[in-house]
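Here is a short tour to read with the sequence and model open beside you. It starts with a pair of packed helices and then moves on to other parts of the chain.

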Amino acid sequence: MRGVVAPVAPSKREIPPVRLLSVFLLLMVIVYALVFFTGGGKPEPKLGIDLQGGTRVTLTARTPDGSAPQKDQLDKAKQIIEQRVNGLGVGGSEVITDGNNLVITVPGTDGRQARTLGQTARLYVRPVVGQPQPATPQQPAATPPGQTAAQAIAAAKALRQAPAGDAAVNQASEAKLAAQLPKTDCNTRNTDPLQGNDDPSEYLVACSQDGTQVYLLGPQIIDGRDIADATATTSSQGGAWIVQVEFRNAARDFWPKYTGANIGKQTAFTLDSRVVSAPQIQGAITTPTTEISGSFSQSGAKDLANVLKYGSLPLSFKSSDAQTVSATLGLSSLRAGLIAGAIGLVAVLLYALLYYRMLGFLTMLSLIVAGIMVYGIMVLLGRYIGFTLDLSGIAGLIIGIGMTADSFVVYFERIKDEMREGRSFRSAVPRGWARARRTVWSGNAVSFIAAAAIYFLAIGEVRGFAFTLGLTTILDLVVVFLVTHPLVALASRSSFLSKPSVNGLGGVSEVAKERRLAAARSGAGAVASQKESV
């Protein structure tokens with residue numbers, strides 16, 4: 001009687017291969033729909049300083065008394081600026097100390113981001129004592145008789161320090177003093193290298209950010225260091241960009257009481273001695289967050305939230321003009337790195353085709369699909385979080401794609417192990433996958449933990465390497481589970497692709513056949529020995 005080896009039906013819990021492939025196809029469609037139909041710009045990754053060059057801005061430290069800044073102040077400023085860089089994402093920016101200067105280099109040709117990173121970002125909440133006539137962009141107008149800006153501030157300060165009397169009279173006197181302030185040249189104040197070093201306990205004459213208004217402000221009531229978090233978002237009314245701040249410590253309890261006691265009055269949010277917003281209090285603010293509104297663009301709101309989140313600098317800096325920095329490695333190095341990666345990838349594919357044949361072809365198809373997905377993700381990361389691809393990041397991508405090929409080898413070898421035990425290709429695939437996926441999971445978990453540790457502990461370009469390595473590690477799992485395994489499962493159901501001469505598993509089939517024959521001979525010999533003994 002001839003025995004028949006029936007194929008093992010897939011487990012009831014196994015997801016059909018076509019459905020898994022459809023999920024991956026949907027993910028790819030979503031990624032490239034975002035690439036081509038959102039954000040604008042070319043569908044290309046952003047390159048780092050070493051590949052495309054960048055813009056360099058030198059920040060010269062200034063102190064109120066003109067003395068040299070202390071080393072610990074420069075180190076603290078450098079640390080905060082690096083935190084701001086990290087807050088913007090993996091941007092490939094560099095921050096170095098050069099004497100009493102900090103040198104910031106960012107990818108691309110726009111120096112605005114470098115200047116923003118070097119912003120002092122000293123935020124105070126101050127009551128608005130009064131708002132005089134609009135500022136003039138030309139020379140200041142003649143001072144009203146008997147009053148200068150300094151005299152008006154001194155008089156207002158004297159009112160505040162006078163013995164308690166009629167508060168309404170004092171407030172009216174302050175308003176009168178504010179109306180008598182001379183017009184202020186806001187363009188001159190904007191170039192002040194010590195801007196932001198004003199004494200928060202003193203009165204302040206401050207311009208609006210657009211330079212159209214001048215305010216007389218009282219001493220600060222809340223320090224920006226009491227901000228727990230800052231987030232850029234859009235307003236529910238009108239959709240304008242705003243910054244939401246959350247206070248902590250004593251400011252968290254003080255703010256609801258102050259707003260409740262000063263309804264109808266203006267309160268100014270000043271950033272580096274400039275009035276960002278001076279809203280009128282409509283009622284007590286009892287919610288955890290407070291909105292800072294102004295003429296913000298999306299990038300302006302995000303930059304402000306970023307600098308507020310990581311605190312103000314201990315020094316004021318005067319920024320130089322932006323300077324173009326040439327690429328340190330250049331496109332020739334990029335081309336050489338890509339050629340080296342392509343040669344290694346082709347060598348892997350040739351080996352896979354010679355050794356695994358049809359399975360090697362599926363390996364090639366999976367790697368091509370993975371490369372297409374990686375490219376789309378790189379474009380989106382550069383567009384939305386400022387990710388810049390440098391040479392170390394490319395190295396991480398190449399290593400990650402090589403690790404994806406390792407996962408394929410583990411899977412295919414598990415299938416061969418099952419076939420050596422006498423199973424057919426179709427029955428060996430689900431059993432081999434059940435054994436291989438545990439190895440794939442554990443191997444990629446170790447790689448991802450290593451990449452995460454490098455990212456959080458390292459600085460500079462090494463973080464870019466760790467980031468791309470971790471990204472491709474995650475993508476390895478996605479490709480193996482949603483592309484490679486479903487393709488192999490579909491191939492095992494094809495009579496043509498199941499032929500040993502096609503799938504490259506003929507040698508394994510011959511070994512399994514010889515083992516079965518040897519087992520049969522051994523069994524026959526044992527039976528004959530038993531008969532002779534009888």
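In H1, Phe24, Leu27, Met28, Val31, Tyr32, Leu34 and Val35 meet a set of H11 residues: Val369, Ile372, Met373, Tyr375, Gly376, Ile377, Val379, Leu380, Arg383 and Tyr384. Contact here means heavy atoms within 4.5 Å. Sorted by class, this contact of H1 with H11 has 15 nonpolar residues, one polar and one charged. In that sorting, Ala, Val, Leu, Ile, Met, Phe, Trp, Tyr, Cys and Pro count as nonpolar, Asp, Glu, Lys and Arg as charged, and the others, Gly among them, as polar.

Before going further, please note that this is a predicted model, where local features need pLDDT of at least 70 and side-chain atom pairs count only at pLDDT 80 or more, while totals for chains, interfaces and linings use all residues. Residues are numbered from 1 along each chain as its sequence is written, and side-chain values use heavy atoms, with hydrogens and water left out.

How do the two helices cross? The axes of H1 (residues 17-37) and H11 (residues 358-384) come within 9 Å, at an angle of roughly 35 degrees; axes are lines fitted to C-alpha atoms over the stretch in contact, with angles from 0 to 180 degrees between N-to-C directions. The crossing is left-handed, that is, the near helix is turned anticlockwise from the far one by less than a right angle.

The chain has 16 helices and 16 strands, taken as DSSP runs (H or I, at least four residues, for helices; E, at least two, for strands) and numbered from the N terminus. Of its 534 residues, 40% count as buried, meaning under 20% relative accessible area with a 1.4 Å probe, protein chains only.

Helix H14 (residues 461-492) has 32 residues and spans 44 Å from first C-alpha to last, close to the expected 46 Å. That expectation is 1.5 Å times one less than the number of residues. H14 bends by about 40 degrees at valine 480, the angle between axes fitted to the seven residues ending there and the seven starting there. Of the 32 residues in H14, 25 are buried.

Leaving aside neighbours within four places in sequence, threonine 270 is in contact with Arg122, Leu123, Tyr124, Arg126, Leu217, Val275 and Val276. With the residues up to four places away not counted, serine 277 touches Thr267, Ala268, Phe269, Ile292 and Ser293.

Technical notes: Buried means under 20% relative accessible area, exposed over 50%, partly exposed in between (1.4 Å probe, protein chains only).
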